[in-house]
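The sequence and structure come first.

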Amino acid sequence: MRSRGSNNRLSSSRSLFQWRISSLILSMFATMAAFFVACRLWQEAESRVYLVKELDRRTGQGESAISVDDTLRIIDCREQQKKLSVLQMELNKAKKEGYVSKHLIETKDTNEKKKKKLLAVVGILTGFGRRHNRDAIRKAWMPTGTTLKKLEHEKGIIIRFVIGRSSNHGDNSDKDISNENKKTNDFLILNDHVETPEEQPKKTKLFFVDALQHWDAEFYVKVNDDIYLNIDALGAILASHVNKPRAYIGCMKSGGVFSKPYFRHASGEIFAISQALVQFISINKSILRTYAHDDVSAGSWFIGLDVKHVDEGKFCCSSWSSGAICAAS
């Protein structure tokens, strides 16, 4: 009996010892495995840091170049660009095969024509009670009706009578001009100007300002309503000076005018200025002084500017000299 008990205790001791050995070995393996995994993770982390730094060094950026959202936007833009390219190819093919609406083509051509710059806007300064002068001009050299429109479209020349408003706004004088304009459609009415003889220089200034707002032209021409003009010859002269961005063209004069010394300026019967100078007048209209005569006033506006004074003898209207394009009535 004693022998059996001893054997049982010995067997139990051996089993416990073996279990402890197995647990110790497993713990050692687990610890070694943990160290191995930790070392691998550390090495991979170091590798990733190195790769990121190397990428940053090569790209010259401290952060990722673009985010995921940005990448998706770029991909979407590229897809849209591909679709647009396909649509453009299909549209071009349709145009060749005659499937594009004629209306669309005509509209495009019309818009291109509208964008074309005019050669000149000619303003004939007139006044109340001068209907006879205007009718004489219409019969002599200014086209009317469809012929006036044809001049605008084919030669790029706009012609308008220029007049202000009556001091008694809406009176018979204003009504007469409104009725005349309904029939002829050839007026530029300066609503902010009161029509008086002594305000002629101011009227000239406002004509340039108003004409610039209405039309995009190379030149703006001021003419008196007692001048007969060869409009084709005027167009030819102006066309020859288009390359001069700050041109002031007229029958130039200087010296004594009514016993007073004046600077160089063009005769007031007719003179032309380029768009750049009209823009200057428009910007500075509130500070540009006017004198007793519009020709002297216009000349004073350009003092100190880089202006090309073109002394054009053909603009001298005192008499029909050789090659003159105008004459005073």
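At what angle do the axes of helix H7 and helix H9 cross, and within what distance do they come? In this predicted model, the axes of H7 (residues 200-214) and H9 (residues 275-283) cross at roughly 110° and come within 9 Å. Angles of 65 to 115 degrees count as roughly perpendicular, so H7 is roughly perpendicular to H9.

**Contact of H7 with H9**
- From H7, the contact is made by Lys-205, Phe-208, Val-209 and Leu-212.
- From H9, Gln-275, Val-278, Gln-279, Ile-281 and Ser-282 take part.
- By residue class, the contact of H7 with H9 divides into 5 nonpolar, 3 polar and 1 charged.

**Gln-275**
- Gln-275 is found in helix H9.
- Gln-275 counts as buried because its relative accessibility is 13%, and the cut-off for buried is under 20%.
- The side chain of Gln-275 is joined to that of Asp-216 by a polar contact of 2.6 Å.
- At 3.0 Å, the Gln-275 side chain also reaches the backbone oxygen of Ala-217.
- Leaving out residues up to four places away in sequence, Gln-275 touches Lys-117, Leu-212, Asp-216, Ala-217, Glu-218 and Tyr-220.

**Tyr-228**
- Strand E5 (residues 227-229) contains Tyr-228.
- With a relative accessibility of 32%, Tyr-228 counts as partly exposed.
- Tyr-228 and Ala-136 are 92 residues apart along the chain, and their C-alpha atoms are separated by 9.2 Å.

Note on methods:
Residues numbered from 1 in each chain as written. Predicted model: local features only at pLDDT ≥ 70, side-chain atom pairs only at ≥ 80, totals over all residues. Heavy atoms only, no water. Axes fitted to C-alpha atoms, helices over the stretch in contact; angles between N-to-C directions. Helix = DSSP H or I, 4+ residues; strand = E, 2+ residues; numbered from the N terminus. Parallel < 35°, antiparallel > 145°, perpendicular 65-115°, else oblique. Contact = heavy atoms within 4.5 Å. Nonpolar A, V, L, I, M, F, W, Y, C, P; charged D, E, K, R; others polar. Buried < 20%, exposed > 50% of the residue type's maximum accessible area, 1.4 Å probe, protein only. Polar contact = N/O pair within 3.5 Å; in protein donor to acceptor, adjacent residues only side chain to side chain.
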